[in-house]
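This report describes a structure for a reader who is new to the subject. Please keep the sequence and the model in view while reading.

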Amino acid sequence: MTTTIERPHAAPKPPWHRRAIERARRRGIDVRTLPTGAAGIILAVMLVYGEVAYGQVLQASTLSNLLINNAHFVILAVGLSFVILAGGIDLSVGAVIAVSSVAGVMLVGAGWPTPLAIAAMIGIGTAFGTASGVLVQHFGVQPFIATLAMMFLARGLASMLSTTPQRLPDDSSFRLLGEPWKLIDGPRVNDLMASAGLVVAVVVVVVAAIVLQRTRFGRTVYAIGGSESSAALMGLRVPRTKLAIYVISGTLAGVAAVVYTARLGTAQNITGMGWELTAIAAVVIGGTLLTGGYGYVVGSVIGALVLGLMTVLITRDGGVPPEMTTIITGGILFVFVMLQRAVVRRRR
Amino acid sequence: MEPRPPIVEMRGITIEFPGVKALDGVDLRLLPGEVHTLMGENGAGKSTLIKALTGVYRFQEGELIVAGEPVRLDGTASAQAAGISTVYQEVNLCENLSIGENVMLGQEPRTRLGIDWRRLHARASEALEALGLGDLDTRQSLSTLSLAVQQLVAISRAIVANAKVLILDEPTSSLDANEVARLFAVMRDLRDRGVAILFVSHFLEQVYEISDRLTVLRNGRHQGEFAIDEIDRSALISLMIGKDADTLDAIAQKREAAPREVDAEPLLRARGIARRGAIVPTDLELHAGEVLGFAGLLGSGRTELARLLYGADRLDAGTIELHGRPVALTSPAAALRHRIVFSSENRRDEGIIRDLTVRENVVLAVQAKRGWLRRIATSQQRTLVDDCIARFDVRPAQPERRIGTLSGGNQQKVLLGRWLATDPEIVILDEPTRGIDVGAKADIQAAVLELASRGVAVIFISSELDEVVRLSDRIVVLKDHAVIATLENGPDVTSETIVARIADADTQEEAA
């Protein structure tokens, strides 16, 4: 029996990003919060840059307009966060907004009282979400395909209802939801404002954060995103949770439709084209991993505001063609995805 | 220990899958306060029985009695509710969550305001303390822990659930000696607290060290229940592998009867090949007509080394020469052009294509080698398939049958046939006998020797050291991503000496 013993070799040095993450961990920072923290920093940097370069950004009126104008978008992003945290995707939300808002405006036009119309709009969202969830959970359809089907269905229904812009009657109480309220009457129209839509968005964000952080349902969402098979083997209620996240996403799309329609006063079948993708971008920029398991609702809020603020800054600049918006969105998205890969890579 | 009524009793459990009877009237009794080992070769039905006990599979016949009550389980959750917790071979936890949350998932302490995180971490700490892991920071991410500690975390879930029955499915397969000792201490402690533990392991020594009682399965049938001091090792082994032990002996004799001349010039020579995180710089020689065994534990680098040799992963350093000429094996397709073929350990996902027929699966590799535009004539296809079916005794002998309906062993035979049809010089087999029955195992081992006798160089990778020793001319022993020894096979090489060498490397490391 002959034997050759090999010499042991030194382990190679890990790449820079892994060492940076190690350093963060040693300082007691939870690395899972890094991407969301980075998104917060980006938002702050954008605000400061905007103030320095264009002025009148860090003031009550600009900030309250930013929040009011993006309230629907924040709600949409929160709904998608549930789905994406569990490792799924919902492509139908933009089209659901279209069918929900067209239907809502037409119902108000037909004389329905506002509360009933609102309930119907949210119900439409819930119905589409439930349909997606049942397809995914009980028929084993891939989330991408199931919600793509719902997207086409919803968009088609919106076009069946009407292909022309529908207006809310000028005296409809529905419009009150979108009316800005002056909270502080500042000098030179620098007012601090809010709207019912903004209040709804805040409530949605707070409730979602509590559900995700402090309920078994919320933790099951994270566990499914981490490993669906592990979650099932640990005896968690995987099927009902997976159904519920699509119901939540659809319902919140309905709520977003209410808030958006109230602010604009009109609805059209082409409303919300591509919003599902912008909302996904907001969620990802906010630090949620597209494969699920990592991320926070507050990140999605930040992501939505980053994208909203970007549009504001581009408008202020005037020199940047509006077409650049999508390019910059893409750029930001790219940077964040790379950052997330750096965080996740260490586990593989 | 005074006799106590069993906490779990399974009687006459029968589970049938299309075409296979996975379990046929199997009994199992678990007593509180004992470690009960489930023994059997791969494919004997151990995991099927466990899945029946945890509610993953429904059984067609038989009954399950837990604490004196007949129960019907319809999933992991209901098994847990009945007090049965399971820790699987591949740890089933969520790496994205904290340690404490992994311990408590599904059993989080709650107040009116939702989950009470402070109490959650306190209770998780308590449960971990019982396993000697009190110093863990439960707020850290689970991914910071080694696999061995993750396994203990998984066990702590059972403590939180106050489980009466704990199933440990091959928990030691990827642990080193110290970690196994730690696990065993935990198991003894739980046993003394009255938990019934069902233990599955392939390591005989461990089984004799920890078990109070064992149940033996073979080919889905119950072979008997024994107290550990009632049955010695050789009786146990022959019970596990049955008559086929004779067949396997015959193979070993055949190998020893036909020692091969090894020509001086190796067919393949690797110099200093390495890949970061997979294998440190390694030299390797492979001769025509030899069977080179890779021995080592899971994660030792045996699969990683093989992947470098057939181009699945790129080399970070080093060179590979074939017939004395350097070659660049940049992809499996390039390796195939150099007549190197590989059969994956992951038969289901990386080997067979379930929805194609046996014929189509066999022809696939030949067709790939010829290029997709030059179709192989039907008659030639038939010859290839008939040859494969006849040579390996594929059952049922139906070329147009969907391969997904064949048993694991027969699928593996078809895979071997596929690669042989390409007329290879080097065949790399990664765990070709995993999860197949003993009869098919013997066929495949015979086929490996047959290949070598035709001048093909075979690299044979298996977790079952006995199998490696039985077939190989030389054995490369791997540990922790490095080759620690290359052994010339002979009468003095046994699975025990290899295990000893792997263990030795440990003590050397500690001494250094």
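## A helix of chain B and the glycine after it

Helix H10 of chain B is followed by B:Gly311, whose phi is positive, near 85°. Helices here are DSSP runs of H or I with at least four residues, strands are DSSP runs of E with at least two, and both are numbered from the N terminus. Buried means under 20% relative accessible area, exposed means over 50%, and partly exposed lies in between, with a 1.4 Å probe and protein chains only. The buried residues of H10(B) are B:Arg302, B:Thr303, B:Leu305, B:Ala306, B:Leu308 and B:Leu309.

## Basis of the description

This is a predicted model, in which local features need pLDDT of at least 70 and side-chain atom pairs count only at pLDDT 80 or more, while totals for chains, interfaces and linings use all residues. Residues are numbered from 1 along each chain as its sequence is written, chains are lettered from A and ligands numbered from 1 in the order in which they are written, and side-chain values use heavy atoms, with hydrogens and water left out.

## Chain B as a whole

Chain B contains 18 helices and 22 strands. Of its 512 residues, 55% count as buried. Among the contacts in chain B with a separation of 6 or more, 66% come from residues 24 or more positions apart; a contact means heavy atoms within 4.5 Å.

One local detail concerns B:Ser143, which is placed in the loop between helix H4 (117-129) and helix H5 (147-160) of chain B. B:Ser143 is buried, with a relative accessible area of 19%. Its side chain makes a polar contact with the side chain of B:Ser141 at 2.8 Å. A polar contact is a pair of N or O atoms within 3.5 Å; within protein, one must be able to donate a hydrogen and the other to accept it, and residues adjacent in sequence count only if both atoms are side-chain atoms.

## The interface between the chains

In the interface, 31 residues of chain A are in contact with 40 residues of chain B. The size of an interface is often given as the accessible area lost when the parts come together. Chain A and chain B bury about 3200 Å² between them, 51% of it on carbon and sulfur atoms; this buried area is the accessible area (1.4 Å probe) lost on putting the two parts together, summed over both.

Between chain A and chain B, 12 residue pairs are in polar contact, both residues being at pLDDT 80 or more. Helix H8 (196-214), helix H9 (216-226) and helix H10 (228-233) of chain A each supply at least two residues of the side of chain A that touches chain B. H9(A) gives the most to this side, with 6 residues. By class, the side of chain A that touches chain B has 10 nonpolar, 13 polar and 8 charged residues. In this scheme Ala, Val, Leu, Ile, Met, Phe, Trp, Tyr, Cys and Pro count as nonpolar, Asp, Glu, Lys and Arg as charged, and the others, Gly among them, as polar.

## Salt bridges

Side chains of opposite charge can pair when their charged atoms come close. A salt bridge is a side-chain nitrogen of Lys or Arg within 4 Å of a carboxyl oxygen of Asp or Glu. The whole structure has 27 salt bridges over all chains. B:Glu108 lies in the loop between helix H3 (99-104) and strand S7 (110-111) of chain B and A:Arg216 in helix H9 of chain A, so the pair joins two chains. Their side chains meet in a salt bridge (3.0 Å, N to O). B:Glu108 is buried, with a relative accessible area of 2%, whereas A:Arg216 is partly exposed at 26%. Across the interface of chain A and chain B, 2 salt bridges are found.

Within chain B, the side chains of B:Arg402 and B:Asp355 form a salt bridge (2.7 Å, N to O). B:Arg402 lies in the loop between helices H14 and H15 and B:Asp355 in the loop between helices H12 and H13, so the pair ties together parts that are 47 residues apart in sequence.
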